[in-house]
Amino acid sequence: MKEKKIAAFFDIDGTLYRDSLMTEHFKKLIKYEVVDEKYWLNGVKDSYINWDKRFEDYDNYLFGVSEAYVQAITGLHKKYIDFATEQVMKLKADRVYKFTRDIIEKHKRNGHLIIFISGSPDYLVEAMGKKHHAFLAIGSKYIIEDEKFTGEVVPMWDADSKNKTIDRLVEEHNIDLDQSFAYGDTNGDYNMLRRVGNPVAMNPSRELLSKIKENKELAEKATILIERKDVIYKTKANIDIVEI
């Protein structure tokens, strides 16, 4: 009987990368005048400002970015998408959380499978996976036909999609989930965290933290990890959510 493997599953945006890779890619496409700025101004700007001022939910902000981004790049040639991806990796890819960067290296030393599962576009997730020498890097699939983006997306940002992907990976790579690790920050990572023996909620959103607290089994085993400024600290899910 083959020995089971231990995996470390990582979300990227907000867990490894300190923002959204898709947002960075969007900005680069606008900067180099590949797409019209109107897509940002009409579809994202107000939402971004509200999120930046903490008047809007992070997940809602990202959903708005995603819709505007897909609209902006539909019909765009792959060479422009690849160019912007290279620029993001060259100029922004090191903007990561210290804890996550270091824990990835620790998992590698321990022989664990590093698996990135993210809602960002597959070409960005794969580029980030290559940079960090991940075993696998799986993102939302942006369908390319005749070298152009069709406007069709097979999502990987929701909990159900990540859940089905984990089922497939467990079967294909003989992964022991009870011994494995998962790191995520939003509700889309809930099932990924719930299913492993060592879940870590990294700077979790209110929605994710609330769901963890509601699940007694998950609340008992989960670590809540916070990285702010120059300090990293951990706690358990029984912390109070402050209402003012």
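Helices (H or I, at least four residues) and strands (E, at least two) are DSSP runs, numbered from the N terminus. Helix H1 spans residues 21-31, and Glu33, which follows H1, has a positive phi near 60°. This is a predicted model, in which local features need pLDDT of at least 70 and side-chain atom pairs count only at pLDDT 80 or more, while totals for chains, interfaces and linings use all residues. Residues are numbered from 1 along each chain as its sequence is written, and side-chain values use heavy atoms, with hydrogens and water left out.

**Helix H1 and its cover**

- Buried means under 20% relative accessible area, exposed over 50%, and partly exposed in between (1.4 Å probe, protein chains only).
- H1 is mostly covered, with nine of its eleven residues buried.
- The buried residues of H1 are Leu21, Met22, Thr23, Glu24, His25, Phe26, Lys28, Leu29 and Ile30.
- Contact means heavy atoms within 4.5 Å.
- The cover over the buried residues of H1 includes the helices H2 (38-43), H4 (58-73), H5 (78-91) and H7 (122-131), along with the strands E2 (113-121) and E3 (136-145).

**H1 against H4**

- Axes are lines fitted to C-alpha atoms, for helices over the stretch in contact, and angles run from 0 to 180 degrees between N-to-C directions.
- The angle between H1 and H4 is about 40°, and their axes are 10 Å apart.
- H1 and H4 are therefore oblique to each other (angles under 35 degrees count as roughly parallel, over 145 as roughly antiparallel, 65 to 115 as roughly perpendicular and the rest as oblique).
- On the H1 side, the contact is made by Met22, Thr23, His25, Phe26 and Leu29; on the H4 side, by Tyr61, Leu62, Val65, Ser66, Ala68, Tyr69, Ala72 and Ile73.
- Ten residues of the contact of H1 with H4 are nonpolar, three are polar and none is charged (Ala, Val, Leu, Ile, Met, Phe, Trp, Tyr, Cys and Pro count as nonpolar, Asp, Glu, Lys and Arg as charged, and the others, Gly among them, as polar).

**H1 against H5**

- H1 and H5 pack at an angle of about 115°, and their axes are 9 Å apart.
- Leu21, Glu24, His25, Lys28 and Leu29 of H1 meet Tyr80, Ile81, Ala84, Thr85, Gln87, Val88, Met89 and Leu91 of H5.
- The contact of H1 with H5 has eight nonpolar, three polar and two charged residues.

**The nonpolar core**

- A nonpolar core is a set of buried Ala, Val, Leu, Ile, Met, Phe, Trp, Tyr and Cys residues joined through side-chain atoms within 4.5 Å.
- The largest nonpolar core has 47 residues, and Phe26, Ile73, Phe116 and Met128 have the most contacts inside it.
- H4 gives the largest share of this core, nine residues.

- Ile143 lies in strand E3 and counts as buried at 15% relative accessibility.
- Leaving aside neighbours within four places in sequence, Ile143 is in contact with Lys148, Phe149, Thr150, Glu152 and Val154.
- Thr186 is in the loop between strand E5 (181-184) and helix H9 (190-195), and is buried with a relative accessible area of 13%.
- Leaving aside neighbours within four places in sequence, Thr186 is in contact with Tyr58, Asp59, Ser205 and Leu208.
- Ser210, in helix H10 (residues 206-214), is partly exposed with a relative accessible area of 24%.
- Ser210 and Ala237 are 27 residues apart along the chain, and their C-alpha atoms are separated by 8.8 Å.
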